[in-house]
Amino acid sequence: MAISRRNFIRVVGGVGILAAGGAGLRSCDAMPESAVAAWKGPVDENDLRRRVLAWAQLAPNPHNRQPWLVALPGTDEIVLYCDRNRLLPHTDPFSRQIMIGHGCFLELLAQAAAAEKHRAEIELFPQGDFPEGDIGSQPVARLRLVADASVAPDPLFAHVRARRSAKVPYDAARAVPDAPLQAMQSAIAGHRVRFAETRETAKVQALRELTQEAMTLELRTPRTMGESIDLMRLSAAEIDWYRDGISLHGPLFWWGQRLGLIDKSTLADPSSNAFQSGIDRFHAMTHSAMGFAWLLTSGNDRPAQIAAGRAYVRMNLAATAQGLAMQPLSQALQEYREMERLYARLRQTVGAAPSETVQMLVRVGYADAVPPSPRRRLDDLLLNGSA
């Protein structure tokens, strides 16, 4: 069904107004409760390892791939592997972001263990490091949980269930003060990661434009856009089945599909209204950024990427504790050929030293609460024989 851009916007706007005013429409294709049940935390889990893993799986990770596999040998060990079926070869060709997601997982696991008076002894890459351009079959980490009454719970752990990546426009009338950014920086002290931020008007505007340009480039590069399209879940049924990827749901998408305006082919077609609407939605997010923060490491080996992940989730939790919203904008950091020019421009804009790698870039601001992202069942992360 052909429809002009003006009429498309009218239809979408009408759906938004109706959804805002009616509970019946708000329930159209709502997020399935079963898909976000993991955010309640561990329920009826007698095994300490399963309890800490139930918290660890709430970690942020690229494209919500949840690329973790776990073995549970013996009675107190956890062995973490990377699920090589859940990589992002086009947008993350060296699996740098995937490793950051593993660092986030390990950090939440260690915090969950501490909350139960256990110390998580973590040995990274016990069978050797992955090469830069490959993910092997060897484990990412081996952990042992050791009872230790002297272990103090991390105050950040209290905010795990409320942590979000807030992918919505932020309040453009509300400036970000010093305190939350100082809390974010303090949260990562000692994690071999450098924190930097800006709220300076000209620099914020430059980063708004750069991040928008990077996202547009990703969307207009067929193979990178195709990677995201494959991971889009366009209905409550799909979300509940996969419990990963990019969830697009709610009245707008429900009606869009039924009116023949939205499906995977239209979302991937640069000439379609649905495609342009996606760019417009992202513009509303990038250009409402009230500041930016970023993490840098000296070098870019796998342990540095893990350290960046551990620091990133701590920074996210600290922001949550302060009531500050944040969203990672990683497009300009992605290491594929078409992104090289913007990658270099970003490095210059944020003042990265030649020896430093910009591991994470986020926008910050204030926003209404957003719902959690789906999570797979805990048993889906366990290797055979580990139950």
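**Exercise 1. Is R310 buried, exposed or partly exposed, and what does its side chain pair with?**

Step 1. R310 has a relative accessible area of 22%, so it is partly exposed. The cut-off for buried is under 20%. This is a predicted model, so keep that in mind throughout.

Step 2. Look for a partner. R310 forms a salt bridge with E107, and their closest N and O atoms are 2.8 Å apart.

Step 3. R310 is in helix α12 (residues 302–321) and E107 is in helix α4, so the bridge ties together parts 203 residues apart in sequence.

Step 4. Check the partner. E107 counts as buried because its relative accessibility is 3%.

**Exercise 2. Which residue forms a salt bridge with E116, and where do the two lie?**

Step 1. The partner is R51, with the closest N and O atoms 2.8 Å apart.

Step 2. E116 sits in the loop between α4 (96–115) and β3 (118–124), while R51 sits in helix α3 (residues 48–56). The pair links distant parts of the chain, 65 residues apart.

Step 3. E116 has 28% relative accessibility, so it counts as partly exposed.

**Exercise 3. Describe the salt bridge between R345 and E213.**

Step 1. The closest N and O atoms of R345 and E213 are 3.2 Å apart. The limit for a salt bridge is 4 Å.

Step 2. R345 belongs to helix α13 (residues 340–350) and E213 to helix α6, so parts 132 residues apart in sequence are tied together.

Step 3. R345 is partly exposed because its relative accessibility is 30%. E213 is partly exposed too, with a relative accessible area of 30%.

**Exercise 4. R363 is buried and has no salt bridge. What polar partners does its side chain have?**

Step 1. R363 lies in strand β10 (residues 356–365).

Step 2. The nearest side chain of opposite charge is D171, 11 Å away.

Step 3. The R363 side chain makes a polar contact with the side chain of Q327 at 2.6 Å. A polar atom of the R363 side chain also lies 2.9 Å from the backbone oxygen of M285.

**Exercise 5. Where does E200 lie, and which backbone nitrogen lies 3.1 Å from its side chain?**

Step 1. E200 is in the loop between β5 (194–198) and α6 (201–220).

Step 2. The backbone nitrogen belongs to A202, and lies 3.1 Å from a polar atom of the E200 side chain.

Step 3. E200 is partly exposed because its relative accessibility is 43%.

Key
Residues numbered from 1 in each chain as written. Predicted model: local features only at pLDDT ≥ 70, side-chain atom pairs only at ≥ 80, totals over all residues. Heavy atoms only, no water. Helix = DSSP H or I, 4+ residues; strand = E, 2+ residues; numbered from the N terminus. Buried < 20%, exposed > 50% of the residue type's maximum accessible area, 1.4 Å probe, protein only. Lys, Arg positive; Asp, Glu negative; His and termini not counted. Polar contact = N/O pair within 3.5 Å; in protein donor to acceptor, adjacent residues only side chain to side chain.
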